[in-house]
Amino acid sequence: MVIVKTAAEIKKLREAGRLSALALKVGGEAVVPGVTTAEIDRVIHDFIVKNGATPSFLNLYGFPASACISVNDELIHGIPGNRVIQEGDIVTIDVGACLDGYHGDNAATFAAGTPSEEARRLMDVTRESLFKGIEMATAGNRIGDISNAVQTYCEERGYSVVREYVGHGVGRQVHEDPEVPNYGKPGHGVRLVNGMVIAIEPMINAGTRFVVQDNPNGWTVRTKDGKLCAHFENTIAITPNGPLILTDPN
């Protein structure tokens, strides 16, 4: 069931979203050669707690950390640990903060040092596809309009769209209805109405679209062919004035 939010709830979601965006920014600044993924997670955790919130992902479905930190061919759900980030690695951070009972949720892929041209282009296209999707997040449109905008932009540039994992509604729960795929047909799916809050999150591969979860930790998902992937996400409110990015650090 899609839960339409009131103006007061969207204000609370904006506060949680801003804190989540700042936590993502702090985490991104920590992505440098020589740091471990656990150290990045610690920086994020401490920032969220210091600001009076709780990490949305910590213990969610049993996840053991405050942020998902995934490297190179790891798409999502990377568990922070003793892995040392190397020069040229690309690192995806997915993080949320719960403030006053409401969640923010956002993600981005960062480069450690100087990325390869291949990695830079993949990140640029994935980031831009997110904003192509956001442009379609207006009342009267449908989820499929967002999905198709992301898919078309990426596939026209030679990239593939992951289908097993999708965006979602956000509110008092991190994951709510509706699902927001990154592929689909325009004019299909749930109709968007003012007050809906959704996370749009393109997950894009440089090679085949297929992914596997074959890590013994039971969480980390990577590309099946071992090629690079990128992931960007913002939480959006549908408003009479158009899409409002709630995970904006400003």
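**Entry 1: a helix across strands**

I began with helix α4, which lies across β10 and β11 (197–200) and runs at about 40° to β10. The model is predicted, so I noted its limits: local features need pLDDT of at least 70, side-chain atom pairs count only at pLDDT 80 or more, and totals for chains, interfaces and linings use all residues. Residues are numbered from 1 along each chain as its sequence is written, and side-chain values use heavy atoms, with hydrogens and water left out.

I also wrote down the terms. Helices (H or I, at least four residues) and strands (E, at least two) are DSSP runs, numbered from the N terminus. Axes are lines fitted to C-alpha atoms, for helices over the stretch in contact, and angles run from 0 to 180 degrees between N-to-C directions. Contact means heavy atoms within 4.5 Å.

**Entry 2: the five-stranded sheet**

I looked up the strand order next. It is β10-β9-β11-β16-β17, an open sheet of five strands with antiparallel pairing. Two strands count as paired if DSSP finds at least two bridges between them. The edges are β10 (176–180) and β17, and each pairs on one side only. On average, neighbouring strands here are turned by 30° against each other, direction ignored.

I then followed β16 to its neighbours. Four bridges tie β11 to β16, and the two run antiparallel. Ala 199 has Thr 235 in β16 as its bridge partner. On the β17 side, β16 (residues 234–239) and β17 (residues 242–245) are also antiparallel, joined by four bridges. Ala 237 is partnered by Leu 244, and Thr 239 stands opposite Gly 242.

Is β16 covered on one face or on both? I checked, and both faces are covered. Asn 234, Ile 236 and Ile 238 are buried on one side, and Thr 235, Ala 237 and Thr 239 on the other. Buried means under 20% relative accessible area, exposed over 50%, and partly exposed in between (1.4 Å probe, protein chains only). In a regular strand, side chains alternate between the two sheet faces.

**Entry 3: the three-stranded sheet**

I found another open sheet, with three strands in the order β1-β5-β6 and antiparallel pairing. β1 (54–55) and β6 (102–103) are its edges; each has a single partner strand, so one side of each lacks a neighbour in the sheet. β1 pairs with β5 (residues 97–99) over two bridges. Thr 54 stands opposite Cys 98 there.

I turned to α3 (residues 117–135). α3 and α4 (residues 143–155) pack at about 150°, with axes 8 Å apart. That makes the two roughly antiparallel, a label for angles over 145 degrees; under 35 is roughly parallel, 65 to 115 roughly perpendicular and the rest oblique. α3 passes α4 in a right-handed crossing. A crossing is right-handed if the near helix is turned clockwise from the far one by less than a right angle, left-handed if anticlockwise. Residues in the contact include Val 125 and Lys 132 of α3, and Ile 146 and Tyr 153 of α4.

I compared this with α1 (residues 7–29) and α2 (residues 37–50), which pack at about 150° with axes 9 Å apart. They are therefore roughly antiparallel, and their crossing is right-handed. Among the contact residues are Leu 19 and Val 26 of α1, and Ile 40 and Phe 47 of α2.

**Entry 4: the cores**

Which residues have the most contacts inside the largest nonpolar core? I listed Ile 40, Ile 44, Ile 93 and Ile 200, in a core of 50 residues. Its largest share, six residues, comes from α3. A second, separate core has eight residues, including Leu 13, Tyr 102, Val 170 and Ala 237. A nonpolar core is a set of buried Ala, Val, Leu, Ile, Met, Phe, Trp, Tyr and Cys residues joined through side-chain atoms within 4.5 Å.

**Entry 5: the ends**

I finished with Met 1, in the segment before α1. Met 1 is exposed, with a relative accessible area of 75%. Met 1 and Ile 245 are 244 residues apart in sequence and 22 Å apart in space, C-alpha to C-alpha.
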